[in-house]
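Here are my notes on the model you sent over. Have it open while you read.

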Amino acid sequence: MEVKVPGGNLHTVGGYARISDIGQLGDGRDGREGVLRQREDIYDLSKVKRCNVHRIYEDNDTSAFKRKVTRKEFEAMMTDLAAGVISGILAYNIDRLFRQPRDLERCIDIYEQARRPMIFATTAGDFDLTTSEGRFQARIYVTIANKFSADAARRVARQKKADALEGKPHRGQAPFGWKDAENLDPREAELLEVARKDIMRGKKVATVHREWAELNVRGRQTPEGKTISYTSVKYVLRNPRTCGYRSYIPQEVREHSGRVDPVEWLVERTDGTPITGQWEKLWTPTQWRDLVDVLDAHKKKNPGKGRKTGSTVTKRLMTNIARCGLCGTGLNSGMYTRGTKSYENYGYYYYCRVPDGGCGKIARSGPPVEDYVEKILLGHLKKQAAAVTPAKEENPELDKAKKKLKQVEDDKVEARRLRANDELSLGEFAREIRRLEEKERELKETVSQLSNTPVRASSAAARILREWGRYTVDMKRTEIMKSIEAVVVKPAGKGGNQQGFRPELIEIVWK
Ligand SMILES: [Zn+2]
C-alpha cells in the first residue's frame, strides 16, 4: 500500500515495526496492538517527510537483542535497501530497528555506499545516517539501547532464576579458572595458561584433555569419581571470560540448545567491541581470540567430530611434510615387519603410497630422516635466536594500526566538541570517551608489539629451543611447517637403503 502526498513524494521508503518481548515492557507498544500503533505512527511520519511507504516490514515476537534470532523482515528490508527498491527507512524509534550494533553497522554500510538520495527518520527523533555526525549520534544511541537491553534481559533472566529457585538456596559456582566471582584459582589458571601456549604451538585439545585427566583435573559439572570431559576442556578454553569479555546467553536459548558456545554471545558496544567485566583476567583479548581461531581451525579440519576416534593412521613427524623425490606425493608411514632387522633398528619407515596417488617407488627409514630434519631446523632457529635483525622498513599491519589510532584520536576530539556544544549528555560523553580510550589502549599495544617484531622473532626462537624437548609430535610439526615447505626424499638407487642414512638424498625446501 502506498501513501500519496499532494505535491509529489521524493522518496520511496520502507517502514519498520517490531514487537519486542524484552525492553520497554508495558510501554503500550507491544503485542499486536503495539504493531498497529507503530504502523500508524510510521504512516503519519511518511506524510511529514513526504515519502512513499513501499511497505511495512514487520517482525513479530522476537527481540533484536538476541542476535541468533534472525529477523526475517529486517533482513528483507536490508536487501531491498541495498538493491535500491527503497531509498530509506522510517521506524517508530531507532531501538526497534537496531538492538545490535552490528545491525546498525550493516545499515550504515548501505547508506554510505548508496549513490542516490537517502532518508532515515524515526518518530522519536531523526538520525541522518548519510552524515558522519548522524552516524556518530546513532552509534551512541544504539550503544545505550544495547546496554539497556542487555540489562533488561539480565533482569528477566535473574527473575526467572529467582522464581525457579525459590525456597532452595543455591550458591553460584565460580567458572573453571576462578575460585570465586572475581579471583583466579592459581592451579586452574596455570592449567589454562599452559594449555593455551601449547595449543598455539600445535598441541591438540585431545592431548590437553589426556594430560588433565592424568592430573585428575575436574570440571564444575564433572560427576563424582570422574575427571573433566573433553567437551568441558574445549569449553573452558573458549570461555570469553578468560580475557574479561562478558557473554550473555538468554535463559530460553540455554534451555533449548543445551550447551551454547559463549563466543557467539558476547555483549557488545555499538562499534562491535565487547563489554568487559571487572573480574581478574587471565589473557588479553588478542590471546583469547587467537586461541579461539586455532580451535576453530581444528574443527574445520575435522568436521563433525572434535576428536579423532578410531583413526588408525598415525601422524608421524614427517607425514606429508616429507615428499617423494620422484612424483612429489606427500609420504605416509608404515611399520617394518616384526622380527626383521629394520624393525629392530628403526621401527617404521616413510613411503610413497599408491593409494595416495603416488608412484610407490620411494621408501626411507623414519627416525634418521626425522633426526636429520630436527637437527637442521634447530640449527636454523639458533641462528635466528642469535640474529640482531635490523628494524623493518615497511609493515602494512603497523601502518593500519597507526591509522586506526589516529582515527580514535580524531573521534575523541569530535566527542569533546559535541559535549562542548551540549549535543551529548554527560553520561553519553563519559561512555563514549571510555570506549574510545579502551580502544586507544589496545591499538597502542598493537603498535608497540608490531614495532618490536624482529626482537620478538628472535626471542621466540630462543624459547622454542629451550622447550623443544617437551614438544609433542603435533607441536613439532606445527613449528617445522612454519619454516619448512617440504622435505624431499630422493631415490637411493640400488641397495641404497643398506648403506645407512645419506643426508645428500634429503633436500629441505625452506619457506
Ligand atoms: Zn612417488
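The points below take the metal site, then a sheet, then a helix.

1. Ground rules: this is a predicted model, where local features need pLDDT of at least 70, side-chain atom pairs count only at pLDDT 80 or more, and totals for chains, interfaces and linings use all residues. Residues are numbered from 1 along each chain as its sequence is written, and side-chain values use heavy atoms, with hydrogens and water left out.

2. The zinc ion has Cys324, Cys327, Cys352 and Cys359 as its protein donors, each through SG, at 2.2 to 2.4 Å. (Donors are N, O and S atoms within 2.8 Å of the metal, or 3.2 Å for Na, K and Ca; water is not among the atoms, so sites may look incomplete.) Their spacing in sequence reads C-x2-C-x24-C-x6-C.

3. The donor angles run from 98 to 114°, so the arrangement is tetrahedral (four donors, all angles between 85 and 135 degrees).

4. Cys352 is buried because its relative accessibility is 2%, while Cys359, at 28%, is partly exposed. (Buried is under 20% relative accessible area, exposed over 50%, partly exposed in between, with a 1.4 Å probe and protein chains only.)

5. On to the sheet: it is open and antiparallel, with three strands ordered β6-β7-β8. β6 (332–335) and β8 (363–365) are the edges, each with a single partner strand, so one side of each has no neighbour in the sheet. (Strands are DSSP E runs of at least two residues, helices H or I runs of at least four, numbered from the N terminus; pairing takes at least two DSSP bridges.)

6. β7 (residues 348–351) pairs with β8 over three bridges, and Tyr350 sits opposite Arg364 in β8.

7. Helix α7 (residues 205–214) has Val205, Thr207, Val208, His209 and Trp212 as its buried residues. Just after α7, Asn216 has a positive phi of about 60°.

Key: Four donors count as tetrahedral if all angles lie between 85 and 135 degrees; four count as square planar and six as octahedral if opposite donors are over 155 degrees apart and all others between 65 and 115; anything else is irregular.
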